[in-house]
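Student: I have a structure to go through. Can we take it one question at a time?

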Amino acid sequence: MSVAPQAERDRAAASDEPRIRLRRLGLRCTPARLRILTLLTVSGCHLSISEVGDQLARSGEAIHPTTAYRTLEALTAADLVHAVHGPGPARYGITGEPHHHTVCRQCGHVEGLASRHLTEAVGRIEELTGLRPDSSGSLLVYGWCADCGG
């Protein structure tokens, strides 16, 4: 009996995680939900609906744009995914560790920023305004990314 190499076991565990997350919430594990959750988890990026569709198509797992839209809306409602709104289309990312976002005003690129990097700033904002971000709330910092150079 052979034992699978560690990298193979890690890939198998990563592919099971979306299924586990859906089942924990009592949601069906549809192919679209599994594909999209896996893509967002593996990519670590915030993607628009069209980017999700393009990346799934390139990997041979194409889904209809309407299905992608409805799936992302359902995953957002279940708090497995969150939407970041900026210029252009909303971009979706995995909901997990609390984090904030930077958003490019030119191209709409979204980058996650760990909450621990802005603890003092968030504390000061709360002190000045009384506003306390909830578990899904984040600061949105708008500007221009290095590629757009505004």
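Student: Is Cys107 buried, partly exposed or exposed?

Tutor: This is a predicted model: local features need pLDDT of at least 70, side-chain atom pairs count only at pLDDT 80 or more, and totals for chains, interfaces and linings use all residues. Residues are numbered from 1 along each chain as its sequence is written, and side-chain values use heavy atoms, without hydrogens and water. Buried means under 20% relative accessible area, exposed over 50%, partly exposed in between (1.4 Å probe, protein chains only). At 37% relative accessibility, Cys107 is therefore partly exposed.

Student: How many disulfides are there?

Tutor: A disulfide is a pair of cysteine sulfur atoms within 2.5 Å. The cysteine sulfur closest to that of Cys107 is in Cys104, at 3.7 Å, so it is too far for a bond. By this rule the count of disulfides is zero.

Student: Which side chain does the side chain of His99 join in a polar contact?

Tutor: His99 is in strand E3 (residues 99–104); strands are DSSP runs (E, at least two residues), as are helices (H or I, at least four), numbered from the N terminus. His99 counts as buried because its relative accessibility is 17%. A polar contact is a pair of N or O atoms within 3.5 Å; within protein, one must be able to donate a hydrogen and the other to accept it, and residues adjacent in sequence count only if both atoms are side-chain atoms. At 3.3 Å, the partner is His82.

Student: Why do the buried residues of H3 line one face of the helix?

Tutor: In H3 (residues 49–58), the buried residues are Val52, Gly53 and Leu56. The arc takes the directions from the helix axis to the C-beta atoms. Seen down that axis, they line one face because they fall within an arc of 95 degrees.
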